[in-house]
Protein chains: 4
Amino acid sequence: MTLDVGVLGYRFMGRAHANALSRLEMFFPDAPDTNRSVLIGRDESALEAAADRLGFDSTATDWEDTLNKIDVLYNLGPNHVHVEPSIAALEAGVSVLCEKPLAPTFSDATRMAAAARESPATAGIAFNYRFVPAIQYARNLIADGALGTIHHVRARYLQDWLVDPEAPWSWRLDKSLAGSGALGDLGAHSIDLVRFLLGDQVGPIERLSGQLTTFVDERPVPDEDEPRPVTVDDAYSAQVAFASGATGLFEASRFANGHDNDNTVVINGSDGSLRFSLERLNELELLTGEDRGYQTVLVTDSDDPYVEHWWPPGHVLGWEHTFVHENYEFLSAVRDDETFTPDFQDGLAVQRIMDAIQRSDRDGTWIEP
Amino acid sequence: MTLDVGVLGYRFMGRAHANALSRLEMFFPDAPDTNRSVLIGRDESALEAAADRLGFDSTATDWEDTLNKIDVLYNLGPNHVHVEPSIAALEAGVSVLCEKPLAPTFSDATRMAAAARESPATAGIAFNYRFVPAIQYARNLIADGALGTIHHVRARYLQDWLVDPEAPWSWRLDKSLAGSGALGDLGAHSIDLVRFLLGDQVGPIERLSGQLTTFVDERPVPDEDEPRPVTVDDAYSAQVAFASGATGLFEASRFANGHDNDNTVVINGSDGSLRFSLERLNELELLTGEDRGYQTVLVTDSDDPYVEHWWPPGHVLGWEHTFVHENYEFLSAVRDDETFTPDFQDGLAVQRIMDAIQRSDRDGTWIEP
Amino acid sequence: MTLDVGVLGYRFMGRAHANALSRLEMFFPDAPDTNRSVLIGRDESALEAAADRLGFDSTATDWEDTLNKIDVLYNLGPNHVHVEPSIAALEAGVSVLCEKPLAPTFSDATRMAAAARESPATAGIAFNYRFVPAIQYARNLIADGALGTIHHVRARYLQDWLVDPEAPWSWRLDKSLAGSGALGDLGAHSIDLVRFLLGDQVGPIERLSGQLTTFVDERPVPDEDEPRPVTVDDAYSAQVAFASGATGLFEASRFANGHDNDNTVVINGSDGSLRFSLERLNELELLTGEDRGYQTVLVTDSDDPYVEHWWPPGHVLGWEHTFVHENYEFLSAVRDDETFTPDFQDGLAVQRIMDAIQRSDRDGTWIEP
Amino acid sequence: MTLDVGVLGYRFMGRAHANALSRLEMFFPDAPDTNRSVLIGRDESALEAAADRLGFDSTATDWEDTLNKIDVLYNLGPNHVHVEPSIAALEAGVSVLCEKPLAPTFSDATRMAAAARESPATAGIAFNYRFVPAIQYARNLIADGALGTIHHVRARYLQDWLVDPEAPWSWRLDKSLAGSGALGDLGAHSIDLVRFLLGDQVGPIERLSGQLTTFVDERPVPDEDEPRPVTVDDAYSAQVAFASGATGLFEASRFANGHDNDNTVVINGSDGSLRFSLERLNELELLTGEDRGYQTVLVTDSDDPYVEHWWPPGHVLGWEHTFVHENYEFLSAVRDDETFTPDFQDGLAVQRIMDAIQRSDRDGTWIEP
């Protein structure tokens with residue numbers, strides 16, 4: 001069986017997933033065969049060039065026309081495009097891998113999750129950082145109780161591409177297109193990562209307080225005279241209490257000067273602690289058992305998650321490998337009609353927290369999500 | 001002129017300040033001469049032994065009796081002992097250096113600050129981390145605008161001495177004696193440090209949300225059958241908005257496994273960023289100007305604050321040196337009748353924030369301090 | 001024009017280069033088109049499986065038969081196989097990319113370099129670490145004089161896969177097959193990297209002293225009763241003086257417990273210093289100009305070498321990307337009939353130093369290479 | 001019993017030891033009582049000022065006159081002054097603590113060691129880095145076999161105070177006064193540290209090759225018209241083979257831009273590895289047992305060497321504390337008539353290696369020390 005894949009979106013995420021698809025054959029020989037069947041977008045000439053470069057058989061400017069020709073839709077468009085194509089695909093029995101966050105709003109996300117529940121097809125959300133070997137290694141350790149009772153969680157995702165007030169406007173800065181700013185773009189990763197690593201240990205978030213901040217209110221648009229307003233957050237933070245009694249601090253910013261892509265998780269438990277940063281994604285700082293200090297572990301041994309597919313110990317992987325692992329798991333689940341996580345219910349759970357953070361900020365109260 | 005110093009408290013802080021006093025002559029020859037006149041405490045035999053070891057001329061078990069014999073009172077007792085002796089000393093014209101936090105409660109702190117305002121004597125609070133060379137170096141850089149407009153501040157003070165649920169009860173865990181837990185013991189340092197480094201740039205905190213958590217409700221008492229209740233926080237966090245629009249995250253814990261004394265400050269501004277951790281107190285991580293990454297600066301050059309008094313570059317200082325610098329500045333101010341900061345008004349400003357954090361946690365709302 | 005590529009070797013290096021070839025189309029669209037024409041090896045069934053997985057059109061067990069069918073030979077076999085196939089290919093006008101070290105012995109390497117000089121075809125040696133973005137960035141800085149006069153160079157390549165005395169024998173431990181051990185396998189990389197980064201600044205090595213050490217004399221062979229002797233070095237070191245007056249220390253080991261693949265270069269100059277480690281290959285530690293400490297630079301900006309072909313800042317690359325860059329440059333040079341470096345003369349220059357290190361160790365004297 | 005201490009030298013080392021003496025009473029109450037009896041030097045007015053500041057009872061410009069009035073001589077003068085005063089003191093039954101290196105030349109050192117053997121007094125050499133808590137902790141681990149069979153040792157001491165060619169001449173740059181440069185000043189520490197940590201495991205150095213380099217041949221003298229020649233090494237390196245089969249690399253430089261005082265030791269053994277740097281002297285990086293990576297251990301727990309005398313965990317010590325520990329051990333040995341190490345025989349053993357490194361460099365051969 002060969003899966004016909006349609007991909008909506010041909011820029012950053014389109015390239016990341018096309019690359020992932022193209023590498024499965026060599027490194028994951030038991031992955032399903034795929035055709036990169038159709039690349040979907042609006043700008044025909046850019047689309048043609050991208051399809052040629054990324055190895056697609058055809059292009060389409062109307063996603064609806066593609067649903068009867070594909071087995072899988074990769075929905076990699078801007079957030080506001082996540083909703084209708086994903087729902088329509090699921091209703092047509094086409095499996096969907098949708099980029100994060102699930103939707104611009106909680107109500108849209110709720111509709112998408114409902115469509116996923118009612119569809120026999122597979123609905124995955126592309127929280128790719130679950131597929132970092134060091135993260136899966138950490139999760140296994142935690143599941144085995146290596147950290148004991150969890151007391152503290154900190155998840156912080158720092159970037160700095162908006163520090164310059166003259167950095168240009170983009171759809172990511174518009175509430176109607178993106179839903180939120182740093183919160184949805186970066187915070188969604190943090191919230192999912194904490195759920196993935198610790199969900200079984202700490203339970204759901206029972207209470208939270210959130211803060212959203214916009215530092216620069218409008219930004220220039222290339223080739224336009226007038227600036228456009230920034231209607232989303234440049235940064236957010238939240239403090240939370242989990243059902244278990246653990247506490248958490250979340251934060252993301254696009255104004256953290258000196259940090260390109262610093263997605264960090266820190267956990268303190270009664271029996272150990274760990275730290276991870278995406279900018280050193282092959283490493284895990286880990287303190288367990290009788291350790292007197294954090295070990296700096298290079299998670300590249302052949303028995304570390306996914307590593308045997310690649311290179312010998314110490315031959316480090318890059319950011320893009322997370323997409324290969326994610327595509328492998330998602331496509332295998334589609335082929336085998338098995339469960340894939342993270343799914344749309346996970347996406348909805350993250351969106352519920354994001355929504356509560358926004359409400360807490362607006363209302364000036366603690367919120368029970 | 002020789003200043004007669006009375007010191008209330010002979011344990012940890014008593015040793016730290018006695019050591020500081022004893023080192024001024026060799027390393028700060030222009031410091032005032034001091035007599036370690038009287039060591040004040042309750043347990044006479046322990047007191048005698050301590051006075052002998054720490055080089056005091058005499059001992060006293062009643063602090064009131066000492067006020068007419070000393071020029072300066074170091075109030076290093078438990079928090080609940082900060083209040084009356086400090087006020088009485090100031091009323092008697094005796095200068096006071098009081099350990100932090102200023103008092104168990106905001107109302108006590110208000111009384112102390114009032115006494116300080118009305119007294120001709122000097123009233124200092126022992127926020128010793130202001131006197132780390134790297135911190136003063138950072139402050140000077142910030143004052144010179146090296147970081148530009150400040151966007152983010154994070155101040156986190158992590159310890160782990162309560163992770164073990166069998167760790168014994170102490171006065172630090174009792175609300176009536178200590179006022180609060182991690183908040184007052186560690187958070188007070190964080191709040192002061194941010195005020196010191198950034199006060200002029202970001203202005204006061206205008207809005208905050210706080211969370212206090214107690215993980216272990218009671219603890220054993222040595223030689224007692226019954227455990228005693230823990231009535232303070234084991235950990236706290238707060239998110240804040242400053243008048244300038246900058247945002248801040250504060251946190252402290254006594255449950256951060258793997259962290260002995262990790263007092264960290266991180267700042268992101270439009271023109272640069274910095275990071276500091278007390279466990280590497282000779283270092284400052286600094287990004288300014290055209291830097292592409294954080295510099296790891298060893299702040300031990302002869303023109304760095306206080307360093308010329310000590311050793312050549314790279315011959316690192318320890319934690320205790322912060323007390324020497326602090327004592328030098330405080331005693332010089334007393335002798336010269338000049339202003340010393342941090343003073344009781346600074347202590348009160350910190351206490352106001354601590355109080356607001358407690359109220360926010362209790363009420364479940366954002367607070368304007 | 002499409003280049004027909006034959007690849008001799010289908011294990012570790014075969015996979016690394018096949019992967020590189022397969023990724024050029026998507027990420028380096030101006031690279032030559034290539035056919036993975038023929039995969040060459042001895043074990044027919046393993047060869048078939050590999051060719052299928054790695055995307056080769058055919059297989060061959062006799063390399064001589066392939067030379068008239070290919071434009072380029074990738075010689076990725078064990079060191080002793082580097083010699084004859086490379087020479088024959090060059091004599092047949094087939095371009096060669098040969099893995100390092102060039103040959104088991106200096107005399108073999110001399111013959112190979114002569115063949116390269118006399119052939120119109122391109123003869124490259126696969127010192128892939130020249131193609132790390134951070135390394136090329138460093139080289140450009142050095143060429144621009146950012147470090148001033150060079151005083152010290154340290155190049156150290158540490159692995160630990162032989163620490164266990166029961167780790168099995170392999171061809172890499174046999175002098176007749178490999179030529180040398182850590183020296184040729186790891187030291188060759190170090191020596192080339194220093195030549196690449198600093199050759200113009202420090203000139204040739206004028207004097208050196210070398211030391212080779214074997215810690216375990218024999219090792220078990222799977223499915224054999226008798227162990228086989230280890231006839232190469234487990235570790236080497238060398239101290240050198242360059243023509244410029246700079247000094248250098250080189251070292252490699254397969255017994256450096258805790259180090260998987262730690263290829264490190266450190267340089268100190270009159271105006272700056274830098275440090276690089278392969279285990280954090282996206283980073284460069286750099287001190288220049290008025291810096292007070294090393295900057296930790298993430299070399300992933302769009303104007304860093306090769307980065308614009310990949311992902312946005314902070315989306316880190318892996319070890320394998322060095323092969324993609326190397327293949328791109330090599331194949332482009334073949335197509336355009338332009339110079340490619342590192343070439344066989346570079347390989348010979350490295351081999352000359354390796355040979356001198358071995359002679360110094362044997363004779364107990366300093367050597368002028 | 002109170003020991004009368006005479007101190008020859010009142011600059012950097014004079015201050016370091018005077019400080020150490022002054023702190024024993026408070027922190028090491030079982031240390032011998034001492035009088036800082038006499039400070040010895042040549043410049044009377046500078047001497048008076050120093051004696052006053054450092055707390056000495058008297059001064060002397062002729063060391064010979066003091067020997068009948070003191071119990072202990074601290075010989076902290078320039079290297080060429082180490083010899084005669086130390087020998088005379090020992091002959092007079094006065095105990096000696098001599099700064100390192102023992103002497104400018106091996107033959108001088110031999111005479112000093114002979115005098116020590118024949119004297120009933122105690123003869124210590126001030127290798128203060130043996131008294132870093134992390135170093136003693138490491139030594140205990142190694143003695144317990146935690147690293148297994150030692151394969152590799154690297155000891156590197158980097159400073160940068162001579163990078164500027166206009167940095168002024170001093171006695172440290174003159175062969176007749178200092179004996180050697182980086183080798184004796186910094187290398188002596190490295191060699192002793194390796195002997196201390198590993199002597200019992202690796203045995204003596206059996207074979208070595210050394211290199212000495214001078215980058216700047218003459219330097220200006222303040223207030224003089226003519227520069228003076230630099231007649232010692234600016235940097236040295238050595239590679240060695242130990243009796244056990246372990247190998248070692250030693251290096252020191254005063255031209256390592258960016259390194260103020262970076263005294264580093266790295267050890268790899270069959271069961272573990274460790275790293276230490278003086279610029280982070282409270283830390284030890286340690287890999288043992290089942291560890292997957294180096295632990296960053298803060299060696300400040302109450303059961304770590306010497307730490308219970310000072311502060312709670314995480315309240316870091318500084319460079320000067322090494323002198324307090326050293327003085328405590330040395331003076332206790334003097335009082336109790338017990339053995340103190342490192343003694344003059346240790347100093348001689350180090351000097352033997354230094355001498356062999358110089359001969360190897362001069363002769364261009366490997367040397368058996």
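Helices (H or I, at least four residues) and strands (E, at least two) are DSSP runs, numbered from the N terminus. This is a predicted model, in which local features need pLDDT of at least 70 and side-chain atom pairs count only at pLDDT 80 or more, while totals for chains, interfaces and linings use all residues. Residues are numbered from 1 along each chain as its sequence is written, and chains are lettered from A in the order in which they are written.

Now pick H2 of chain A, residues 44–54. A:Ala50, A:Ala51 and A:Leu54 are buried there (20 or more other C-beta atoms within 10 Å of a residue's own, C-beta atoms being placed from the backbone). They sit on the same side of H2(A), because they cover an arc of only 100° around the axis, taken from the directions from the helix axis to the C-beta atoms. Step on to A:Gly55, which follows H2(A) and has a positive phi, near 80°.

Next, show chains A and B. Here 31 residues of chain A are in contact with 31 residues of chain B (C-beta atoms, placed from the backbone, within 7 Å). On the side of chain A that touches chain B, strands S7 (150–158), S8 (205–213) and S11 (235–242) of chain A are among those supplying at least two residues each.

Finish with chains D and C. The contact takes 31 residues from chain D and 31 residues from chain C. Strands S12 (247–253), S13 (262–269) and S14 (272–277) of chain D are among those that each supply at least two residues of the side touching chain C.

Notes:
Contact = placed C-beta atoms within 7 Å. Buried ≥ 20, exposed ≤ 12 C-beta atoms within 10 Å, placed from the backbone.
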